[in-house]
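Student: I would like to learn how to read a structure like this one feature by feature. Could we go through it together?

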Amino acid sequence: MAESAAAATKPSSSVKLVLLGEAAVGKSSLVLRFVNNHFQENKEPTIGAAFLTQKCNLPHRTIKFEIWDTAGQERFASLAPMYYRNAQSALVVYDITKPTSLVKARHWVAELQRQASPGIVIALVGNKSDLSTSADGETASSTDNSKKGSSAASEDEANGGDDAPAVEAEDDGAADSDPRKVSTKEGREYAEEEGLLFFETSAKSGHNVQEVFTAIANAIPETQMKNVKGPGMAGGAQSALGAGNERVNLNGPRADSKDSCAC
Amino acid sequence: MSDATKSQSELQDDHGDSPAVRPNPTSTDLPTIALQKPEPEAGAHVSTEEKPPPLPPRPARADSLYQAPIVGPAGLRAPPSTARPRLQATATTAVSRTDIHTHSYQDGSRETYAASKQSSPPPTSWGGWSSIKRLKSQEASDSASIRSYAPTLGTAGDVDSLLVGFSGQEQTSGWNIFNAQLKETGLQHDDVFEEDMVLENFDQEFDEIDALEGEDKTEERLLARWQAKRKHFMILSSAGKPVYNRHGDDNLISGYVGIVQTIISFYEGAQDQLRGFTAGGARFVVMSQGPLYLVAISKLGESDLQLRVQLEALYMQILSTLTLPNLTHLFSHRPSTDLRRPLQGTEPLLSALADSFTRGSPPTLFSALECLRIRKAHREVINDTLLQKRCESLLYGLVVAGGRLVSVVRPRRHSLHPSDLQLIFNMLFEAEGVKAGGGENWIPLCLPSFNKNGYLYMYVSFLDVKEEKDPQQSSQASRHDEIAVLLISANKESFYDLRSMRDAVVEELEQNGSMAIIRTAIRNGRFAATDIVPGTVLHHFVYKSRANVQFVMPSYEPHFTTLLARRRLLSLYHTIHAGAHAKNAHLKVHHCISRSSISLAWITPSFELYCVAGPSASRNALAQSANKVVQWARREEERIFIIGGAVF
Ligand SMILES: Nc1nc2c(ncn2[C@@H]2O[C@H](COP(=O)(O)OP(=O)(O)OP(=O)(O)O)[C@@H](O)[C@H]2O)c(=O)[nH]1
Ligand SMILES: [Mg+2]
């Protein structure tokens, strides 16, 4: 992510991204982590929607995310089309401790597939992975492990030390009362069926958060990007470059982005 | 479950389709003046569906004894020839008074609106008084046309002649009149303030009840903690379903909720409406609003009227989330509806309101707004900027600094209501939801006093958001120096329009120096009482301009810095406010003496002044300072209040 020194000369484009998902799954927390690298316990529900921007440096270009963090409450649902209408990407978030939130996520995915722009890149995100007490590779698959040693520095401490007991988890640590209620496998299989990117994240520890956004940035065909300012780069040239990538296979970006997590 | 989801989707539909543009009937019919003047007439019609009477013409300013158009119960209006034409053309303020303040009396139904009674004393006590005034009015009429009436000065003409002379050259004349009034009319009342209320450990009032260590968590302990709270708010449906409690979860207090519900329905059954009762040192006030009961339980010594104002605000918040048609629909559809689900996410807003009432909220108590004090010319530049950069879809535009209004732009035909602004300010500056999200926000909300039937869309952008390393620490402090631009539209698609308007406005404000002026004003904070009246005995005061529906007050420093001291001060204000506004109060001046303070409420048709001094201050010194404050407020009117705002 931080490897590029040539940011100034890289083409830069903007990508509209919308976050959808049941109330309290952690959408705002993910955005807060991504934008400010900060986490807040007991965050109050979003009212309406928040609009934020954040740059993301890729090796060959700079992406400026224009993020709509929507409220999960039902009463705001009717406004959702306004946010996803022109979005090139969506994060559909559920909470791994709350099975109903995955049901809701499926609804959002279906709605996006029906109504959003056809090329929209969707990532399914199971958040609050820090609450899972099962050892890596048990309920959770290798997801948590595959990233060890990479840039997500805080995750180890967070998982170990200052991790406050989960809201619902009274006896944190007891093997048979793992707050996790949705297995990694279940999430991943659904994502594969629907051709979605898939991540398990923790906004609290920071685990995989950057990776989700990077993966999305990589998955968006350049032709679909609005050129903000492409210094020395004609629009034509860029679309020519990107032409081969059009209708990109969602497995593609995961393969070539070294930052994004493999699922 | 399926029922619940069904009503959900209907809710959404309504949400999408509901007409957002049209304001409530009461406000559509408003004349072009933004400010609904708090004349008795204006107060009397509020919130009903009926058409408000036309606003009285805006009287001219009472600059001096000789210039003042004389007002009295019979003559509240200025001579039409002088005042009216301009008044219609020039708006006073962007804010209008609403019913909140005037809602009800201890014994009265909600339909009894107070304003008329509050501001027009019984004829008996006025006979002599107004005849004096009439006399003076004749003297005044000659010179009336000579001096400028300063059309922007809205407060003016309804100035009670109490004030006449105050802004003249001789300070003593005001003092004499003041004294004379006390003597002549006997409109004075002393009160001994029971100060040592249950304010012990007041700082624990806001602690969560179940935030206890493990073994302490017995129900008994929790209930004891619940009972120790000085203030409770409960909202329940007519069917008895809990909707909201400030303290304690449903399980813990279900017994209490049941009792309250039983008592209410007992009275309902007897075709009688329960309004309030006292039990165990707590005052219970019950308000029934459509399908909801709202209950306030207070040991803080607030009056029923004041508690009703608070309940009304909570109800407004519910309407703001749902709109009235949605609320009614939910219950007519299914009387046993659990409103918690549709209200999901509103709880923090209700609690933020509730807690601000419990801490003591001047805007709520006085039903008025506070503005940022800046020079008139500076404010005009800001107004002009908003007007110039205004986009098509804009309905209202506001610049707000730490909960204080800086500037307003609005259509000529529409006013902004303090109760609506209170909801917005609560959402932005008291609750965390919007602020903590960072970025810009797009918020559908119903402004019930504007139009309780539909949603508007509010663009919110906080400027100056500093990097907060330790948000726990800094959020409290920084919240009060944050500048927010609020742009409200009836069009839910107008986010990007409003956003570019914001960009243009902010750029221009930076360029023309306004932003720096605002920042300086925020940094300087509120003035000290001694800045206004050097050496004054006053520790604190609140001056409310009734015409502008705005108030001004000095800093809480140095006497009222702690939560407790501030609550004491506000309790005192509650007491003298209640005394001065009690149903049969024809009192113009209300004194209150306690072991630790001496205070005074002074009510006139044009302003209300509440001031507090230390216990050793003499009554004379207090009254003298009060006069000085009034003089100052008149002089500085255009700095401390927004008069007119920018109108398009
Ligand atoms: N343990 C843990 N808690 C989290 C995580 N992410 C969010 N939370 C908590 O979950 C709660 C809800 O988080 P939000 O970010 O407000 O959820 P949201 O999806 O934005 O909710 P709405 O705005 O209501 O739709 C907050 O109390 C967060 O502190 C996480 O990764 N781990
Ligand atoms: Mg949120």
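Predicted model: local features only at pLDDT ≥ 70, side-chain atom pairs only at ≥ 80, totals over all residues.

Student: Let's begin with chain A. How many helices and strands does its secondary structure have?

Tutor: There are nine helices and seven strands in chain A. Of its 263 residues, 54% count as buried. Among contacts in chain A between residues at least 6 apart in sequence, 75% join residues at least 24 apart.

Student: Which strand of chain A is largely enclosed by the rest of the structure, and why?

Tutor: Strand β4 (residues 89-95) of chain A is, because seven of its seven residues are buried. To read a strand like this, start from a general idea: in a regular strand the side chains alternate between the two faces of the sheet. In β4(A), both faces are covered. A:Ser89, A:Leu91, A:Val93 and A:Asp95 are buried on one side, and A:Ala90, A:Val92 and A:Tyr94 are buried on the other.

Student: How do I read its pairing with other strands: parallel or antiparallel?

Tutor: Strands of a sheet pair through backbone hydrogen bonds, either parallel or antiparallel. Here, β1 (residues 12-21) of chain A pairs with β4(A) in the parallel sense over five bridges, and A:Gly21 stands opposite A:Val93. Strand β5 (residues 121-127) of chain A also runs parallel to β4(A), joined to it by seven bridges. Together with helix α3 (residues 99-115) of chain A, β4(A) and β5(A) make a right-handed β-α-β unit.

Student: Now the metal. Which protein atoms are donors of the magnesium ion (ligand 2)?

Tutor: They are OG of A:Ser28 and OG1 of A:Thr46, lying 2.0 Å from the ion. This pair links distant parts of the chain, 18 residues apart: A:Ser28 is in helix α1 (residues 27-36) of chain A, and A:Thr46 is in the loop between α1 and β2 (49-57) of chain A.

Student: Are those two residues buried or exposed?

Tutor: The cut-off for buried is under 20% relative accessible area. A:Ser28 has 14% relative accessibility, so it counts as buried. A:Thr46, at 13%, therefore counts as buried too.

Student: What is the strand order of the open sheet in chain B?

Tutor: Its five strands have the order β3-β2-β6-β5-β4, with antiparallel pairing. β3 (242-245) and β4 (276-279) of chain B stand at the edges with a single partner strand each, so one side of each is left without a neighbour in the sheet. From one strand to the next, the twist averages 15°. Helix α10 (residues 304-322) of chain B packs on this sheet, touching β2 (231-237), β5 and β6 (292-298) of chain B, and its direction makes about 45° with that of β5(B).

Student: And what joins β4(B) to β5 (residues 282-289) of chain B?

Tutor: Four bridges do, and the two strands run antiparallel. In β5(B), B:Val285 is the bridge partner of B:Gly276.

Student: Finally, which residues have the most contacts inside the largest nonpolar core?

Tutor: They are A:Leu112, A:Leu124, B:Trp442 and B:Ile518, in a core of 59 residues. Helix α18 (residues 495-511) of chain B gives the largest share, six residues. Apart from this core lies another of 34 residues, including B:Leu369, B:Tyr396, B:Leu428 and B:Leu447.

Note on methods. Residues numbered from 1 in each chain as written. Chains lettered and ligands numbered in written order. Heavy atoms only, no water. Donors = N, O, S within 2.8 Å, 3.2 Å for Na, K, Ca; no water. Buried < 20%, exposed > 50% of the residue type's maximum accessible area, 1.4 Å probe, protein only. Pairing = 2+ DSSP bridges. Axes fitted to C-alpha atoms, helices over the stretch in contact; angles between N-to-C directions. Contact = heavy atoms within 4.5 Å. Core = buried A, V, L, I, M, F, W, Y, C linked by side-chain atoms within 4.5 Å. Right-handed = clockwise from strand over helix to strand, strands pointing away.
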